[in-house]
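I opened my notebook to look up a few things in this structure. Here is what I wrote down as I went along.

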Amino acid sequence: MAVMKFVPEALKNLFKPPVTTSYPFEPAEYPERARGHISIDIDNCIGCGMCVRACPLGALKVDKNAGTWEIDRFDCVVCGYCAEKCPKKCLHVIPGYQTPEREKEGVLYKKSEEALKAEAEKKAEAARKAAEAKAAMEAKKKAEEEAKAEG
Ligand code: SF4
Ligand code: SF4
């Protein structure tokens, strides 16, 4: 008789869609606040290292000169502190998981050639302006000294 208790439930389920999905053949649907992984918009990264200092697990490495940002996804617990601290808002906690790896090593992101070129041009322009300002200052100082000597 105990079996009879399950009959209505079994009949009901016969006409419902399955609760499972066909992942990976169909894309998975993640809950709105799912913490999948950290993504980076690397071309907007300024290499300030705020994320590295914020990470409690030491899962990040940044090389400003090389334009690289590296994350060890085995160490990252997706707490989101790095994304909170990033001044350029180029880090995001997004749903979806990364492909599993066999080797425990970091994933390296490198700025595009265009971004590196634009940065180098910006640096050169800033250096040129600084040199011009210094030269103008020195010329002014020299002119003042000469005027003083004459007067
Ligand atoms: S999400 Fe947390 S653990 Fe992962 S890299 Fe950012 S600060 Fe570190
Ligand atoms: S905090 Fe943001 S801008 Fe600074 S190094 Fe990290 S990712 Fe780049």
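This is a predicted model: local features need pLDDT of at least 70, side-chain atom pairs count only at pLDDT 80 or more; totals for chains, interfaces and linings use all residues.

Next I looked up where T68 sits, and it belongs to strand β3. Then I wanted its contacts, skipping neighbours within four places in sequence: they are D63, L108, Y109 and K110. I also checked T68 against S112: the two are 44 residues apart in sequence, yet their C-alpha atoms are 9.9 Å apart in space.

**Entry: the sheet.** With β3 in hand, I asked which strands make up the sheet and in what order. It's an open sheet of 3 strands, ordered β2-β3-β5, and the pairing is antiparallel. β2 (60–63) and β5 (107–110) are the edge strands, since each pairs on one side only. From one strand to the next, the twist averages 15°.

How many bridges join β3 to β5? I noted 4, with β3 covering residues 68–71 and the two strands running antiparallel. Looking across from E70, I found L108 of β5 standing opposite.

**Entry: R73.** I moved on to R73, which lies in the loop between β3 and α3 (81–85). R73 has 18 other C-beta atoms within 10 Å, so I put it down as partly exposed. Leaving out neighbours within four places in sequence, R73 touches H37, Q98 and V107. I followed up on H37: it is 36 residues from R73 in sequence and 8.2 Å away in space, C-alpha to C-alpha.

**Entry: the ligands.** Which residues come nearest to ligand 1? Out of the 14 around it, they are C55, C76, C79, Y81 and C82. Sorting that shell by class gave me 13 nonpolar, 1 polar and no charged residues.

**Entry: domains.** Last, I looked up how the protein chain is divided, and found domain 1 (28–111) and domain 2 (112–151). Their centres, taken over C-alpha atoms, are separated by 38 Å.

Methods: Residues are numbered from 1 along each chain as its sequence is written. Chains are lettered from A and ligands numbered from 1 in the order in which they are written. A residue is near a molecule or strand if its C-beta atom, placed from the backbone, lies within 6 Å of it. Ala, Val, Leu, Ile, Met, Phe, Trp, Tyr, Cys and Pro count as nonpolar, Asp, Glu, Lys and Arg as charged, and the others, Gly among them, as polar. Domain bounds come from an automatic or database domain assignment. Two strands pair if DSSP finds at least two bridges between them. Axes are lines fitted to C-alpha atoms, for helices over the stretch in contact, and angles run from 0 to 180 degrees between N-to-C directions. Two residues are in contact if their C-beta atoms, placed from the backbone, lie within 7 Å. A residue is buried if 20 or more other C-beta atoms lie within 10 Å of its own, exposed if 12 or fewer, and partly exposed in between; C-beta atoms are placed from the backbone.
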